[in-house]
Amino acid sequence: MADDWEMAQKCGGFVALVSVAALILTGALVVHPMLQGSTLSYRPTACTTAYSYTDGGETCHCGKNCKSVARCLVVMVMINNSSSPALLVQSEEVLRVSDECSLYYCLRDRDYMDRLLEEFQDTYGQQGQTYPCLYNPQDTQKVLLERIYDEWSIFHALFWAGLIFVLFCCCCLCVPGGLARRQQVKTQPAQQTFIANESGLG
């Protein structure tokens with residue numbers, strides 16, 4: 001029983017570690033960014049590019065012992081026959097790192113950053129181009145090209161990690177009782193044999 005219980009403890013500890021790590025990661029990578037700058041209220045519309053230009057040039061940190069020169073692309077668009085252009089932002093990830101860029105990069109490979117900006121500008125930054133986007137009815141100064149996180153993202157992120165944690169708790173409650181019953185079943189024949197032998201000797 002000791003060996004079985006030790007193995008169950010190791011398995012339970014591993015499952016607990018995985019579930020806690022999953023909850024922390026999903027909270028940091030999905031839930032927190034979404035709640036920090038929620039885009040659930042954004043509504044679909046059509047964007048038409050007014051103009052675009054590249055900006056940036058400031059020094060940025062791209063990792064441990066890594067410095068680079070940031071790349072920033074600004075794409076201004078018109079929505080819903082508005083009189084003033086709005087800033088097009090690629091996704092929530094860009095919203096987190098920059099308030100003034102449609103696309104922002106700080107990478108070690110500067111040529112690669114230039115290619116990424118050029119591809120984005122060719123696709124969305126040419127004057128007169130029209131494409132689907134998302135806008136906030138409460139604030140039309142910025143529009144979103146694509147939404148990465150939605151209600152289902154939060155549901156799946158929390159549900160599966162929570163399910164693993166619940167299963168771990170169930171194992172903690174059920175495994176000790178099961179092992180005890182198993183040990184009891186093993187000891188009963190031995191006790192009966194011992195009683196029988198005593199009766200025969202008597």
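**Cysteine links**

Modeller: Cysteine 72 and cysteine 101 are both buried, where buried means under 20% relative accessible area, exposed over 50% and partly exposed in between, with a 1.4 Å probe and protein chains only. This is a predicted model, where local features need pLDDT of at least 70, side-chain atom pairs count only at pLDDT 80 or more, and totals for chains, interfaces and linings use all residues. Residues are numbered from 1 along each chain as its sequence is written, and side-chain values use heavy atoms, leaving out hydrogens and water.

Colleague: What joins cysteine 72 to cysteine 101?

Modeller: A disulfide, S to S 1.9 Å; the term covers a pair of cysteine sulfur atoms within 2.5 Å. Cysteine 72 is in strand β2 and cysteine 101 in the loop between α2 and β4, 29 residues apart. Helices (H or I, at least four residues) and strands (E, at least two) are DSSP runs, numbered from the N terminus.

Colleague: How many disulfides does the structure hold?

Modeller: It holds 4. One of them is formed by cysteine 60 and cysteine 106. The torsion about their S-S bond is about 105°, so this disulfide is right-handed.

Colleague: And is cysteine 62 buried or partly exposed?

Modeller: Cysteine 62 is partly exposed at 22% relative accessible area, while its partner in a disulfide, cysteine 66, is buried at 3%.

Colleague: New topic: how many helices and strands are there in the protein?

Modeller: There are 4 helices and 6 strands, running α-β-β-β-α-β-α-β-β-α from the N terminus.
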